[in-house]
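Visitor: I would like to go through this model step by step, from its overall layout down to single residues. Could you take my questions in that order?

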Amino acid sequence: MRVAGIRMVASLLSFTCMAQAHEPEVRVQADSVQLRWRSAQWIVPAACVTYGVMARFNRLPFRRYDRQVAEWVNTHVDRRYRVDDYLQPAVALFAFGADFIPGVRSEHNLRDRTLLVATSCALTGITVTGMKHTIFVRRPNGSNLSFPSGHTALAFTGAHLLYREYRNQSPWIGIGGYAAATAVGVLRVVNRKHWVSDVVTGAGIGILSVEAAGLMLPVWHRLLGINGAERVVIMPAASINQLEVSLVCRF
């Protein structure tokens with residue numbers, strides 16, 4: 001990763017030096033670097049989900065680590081913490097409403113931010129619910145529907161939204177969101193609600209959902225007729241004897 005970062009910096013420096021003489025070529029190369037950077041954003045969350053799926057096999061070290069941590073919690077923790085129940089939605093709500101704080105500006109306006117938050121949370125909920133009812137895993141406390149952690153998934157959905165929306169404002173906003181989401185995941189393990197692999201997978205699902213929602217935003221624009229790309233037009237017409245409403249859909 002460090003070598004890749006050095007190569008990226010060197011490429012950007014070379015692009016700057018050749019900007020006037022080779023502007024078209026520079027644009028193509030810059031687009032290639034941006035594409036590689038966007039691809040890298042999927043690697044970490046995909047690795048988290050892969051880790052959790054592999055941990056479902058009891059003989060793998062990941063699964064043994066799940067049990068070792070659960071045994072440590074049973075030995076050293078004798079109380080239940082409820083902070084995770086309140087911290088889970090708070091991160092997502094803050095990602096939506098932080099723009100209303102004076103001096104804080106998000107990357108997208110209220111309309112697009114609403115679409116991003118709604119789509120991200122919907123994708124997270126659908127994915128978590130589908131996996132819980134497809135991959136049946138018992139929780140450390142003996143109840144069912146352990147895999148993956150819905151609390152952690154929603155918390156990391158909010159945290160990654162914070163990072164994407166306010167990274168140009170201050171990196172500490174995103175760091176605070178990730179710290180809060182990590183605390184939710186840790187508390188889910190401490191409260192014997194989930195295995196470590198459950199919360200790792202939930203974190204990956206939350207991040208992937210936000211990235212997918214970002215790709216879907218132009219689709220919503222086209223479907224809703226935003227930015228001149230009108231797909232649905234309602235045209236009312238009135239006369240003395242009748243009232244008509246015409247609906248035109250363009251596909």
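Predicted model: local features only at pLDDT ≥ 70, side-chain atom pairs only at ≥ 80, totals over all residues.

Visitor: Are helix 5 and helix 7 roughly parallel or roughly antiparallel to each other?
Guide: Two packed helices are described by the angle between their axes and the distance between the axes. For helix 5 (residues 83-97) and helix 7 (residues 150-166), the axes come within 8 Å and cross at roughly 25°, and the crossing is left-handed. Angles under 35 degrees count as roughly parallel, and therefore helix 5 and helix 7 are roughly parallel.

Visitor: How do the residues of the contact of helix 5 with helix 7 divide into nonpolar, polar and charged?
Guide: On the side of helix 5 the contact includes D84, D85, Q88 and F94, and on the side of helix 7 it includes G150, H151, L154 and Y166. The residues of this contact divide into 11 nonpolar, 4 polar and 2 charged.

Visitor: How is helix 7 oriented relative to helix 8, roughly parallel or roughly antiparallel?
Guide: Helix 7 and helix 8 pack with their axes 8 Å apart, at an angle of about 175°. Because angles over 145 degrees count as roughly antiparallel, the orientation of helix 7 relative to helix 8 is roughly antiparallel.

Visitor: How many charged residues are there in the contact of helix 7 with helix 8?
Guide: Helix 7 contributes residues including H151, T152, F156 and Y163, which meet a set in helix 8 that includes I173, Y178, T182 and R188. The residues of the contact divide into 10 nonpolar and 7 polar, and the number of charged ones is 1.

Visitor: Is S120 buried or exposed?
Guide: S120 has its place in helix 6 (residues 110-132). Leaving aside neighbours within four places in sequence, S120 is in contact with T157, L161, S209, V210 and A213. Its relative accessibility is 0%, and because buried means under 20%, S120 counts as buried.

Visitor: Which residues does a cis peptide bond join, and what is omega there?
Guide: Most residues other than glycine have a negative phi, and most peptide bonds are trans. P148 lies in the loop between helix 6 and helix 7. The cis peptide bond joins F147 and P148, and omega is about -5°.

Visitor: What is the relative accessibility of L145?
Guide: L145 also belongs to the loop between helix 6 and helix 7, and its phi is near 60°, a positive value in a residue other than glycine. L145 counts as partly exposed because its relative accessibility is 29%.

Visitor: And what is the relative accessible area of R192?
Guide: R192 sits in the loop between helix 8 (171-190) and helix 9 (196-224). Although R192 is not a glycine, its phi is positive, at about 60°. R192 is partly exposed, and its relative accessible area is 22%.

Definitions and conventions: Residues numbered from 1 in each chain as written. Heavy atoms only, no water. Helix = DSSP H or I, 4+ residues; strand = E, 2+ residues; numbered from the N terminus. Buried < 20%, exposed > 50% of the residue type's maximum accessible area, 1.4 Å probe, protein only. Contact = heavy atoms within 4.5 Å. Axes fitted to C-alpha atoms, helices over the stretch in contact; angles between N-to-C directions. Parallel < 35°, antiparallel > 145°, perpendicular 65-115°, else oblique. Left-handed = near helix turned anticlockwise from the far one by under 90°. Nonpolar A, V, L, I, M, F, W, Y, C, P; charged D, E, K, R; others polar.
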